[in-house]
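Thanks for asking me to look this one over. My notes are set out as numbered points after the model itself.

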Amino acid sequence: MDMATAGKPLASLGAAQGEETQGPMMQADWCNGKDCPNAAVTSLGTKSYCFDHFCGQCYELLERAEGNIARISSRTPVNREEMQSLDECAQRALEISLSEIELDNLDRARLLDILLWSGDLTSARRMQRSQASVTVAN
Ligand SMILES: [Zn+2]
């Protein structure tokens with residue numbers, strides 16, 4: 001009896017190791033959204049997302065960034081991470097819209113919205129900064 005139970009962990013360990021070496025990682029990429037069963041269509045940072053969760057993540061980020069930009073003064077240093085995240089959102093939205101993923105008009109509208117909104121925010125922030133440097137120079 002003891003031997004039979006002792007053998008089990010070894011067998012499953014072997015199976016797990018076998019899986020690791022199997023095939024490319026490319027395909028089986030699933031959405032990192034909470035309890036989401038969908039396949040990922042894109043990624044943000046280190047996480048992969050399905051279309052809906054990608055849009056959700058982008059809107060969250062955009063809303064936060066918009067709040068920050070309204071609050072900070074032109075002398076506040078640019079939060080580079082935030083700027084990069086906004087750029088990444090825009091970049092991914094563009095990639096999805098040009099990819100072969102099937103999109104309806106609402107999906108397209110969301111992508112365009114994300115693209116334009118993140119563009120607005122990054123240029124608004126860069127404008128704040130360039131005005132600040134002009135003030136400093138004078
Ligand atoms: Zn998802």
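This is a predicted model: local features need pLDDT of at least 70, side-chain atom pairs count only at pLDDT 80 or more; totals for chains, interfaces and linings use all residues.

1. Residues are numbered from 1 along each chain as its sequence is written.

2. The chain has four helices and two strands, and along the sequence they follow the pattern α-β-β-α-α-α. Helices (H or I, at least four residues) and strands (E, at least two) are DSSP runs, numbered from the N terminus. Buried residues make up 19% of the 138 residues; a residue is buried with 20 or more other C-beta atoms within 10 Å of its own, exposed with 12 or fewer, and partly exposed in between, with C-beta atoms placed from the backbone.

3. Helix 2 has 21 residues and reaches 30 Å from its first C-alpha to its last, close to the 30 Å expected at 1.5 Å a residue (the expected span being 1.5 Å times one less than the number of residues). Its buried residues are Phe51, His53, Phe54, Gln57, Cys58, Leu61, Leu62 and Ala65.

4. Which residues make up the largest nonpolar core? Among its 17 residues, Cys58, Leu61, Leu62, Leu86, Cys89, Ala93 and Ile114 touch the most other members. Such a core is a set of buried Ala, Val, Leu, Ile, Met, Phe, Trp, Tyr and Cys residues joined through C-beta atoms within 7 Å. Helix 2, helix 3 and helix 4 (105–137) each supply at least two residues of this core, and helix 2 gives the most, with six. Leaving aside neighbours within four places in sequence, cysteine 58 is in contact with Cys89, Ala93 and Ile114, where contact requires C-beta atoms, placed from the backbone, to lie within 7 Å.

5. Now a loop residue: alanine 39 is found between helix 1 (2–20) and strand 1 (42–44). Is alanine 39 buried or partly exposed? Alanine 39 is partly exposed, because 13 other C-beta atoms lie within 10 Å. Setting aside neighbours within four places in sequence, alanine 39 is in contact with Asp29, Trp30, Cys31 and Cys50. Alanine 39 and tyrosine 49 are ten residues apart in sequence and 7.6 Å apart in space, C-alpha to C-alpha.

Note on methods. Two residues are in contact if their C-beta atoms, placed from the backbone, lie within 7 Å.
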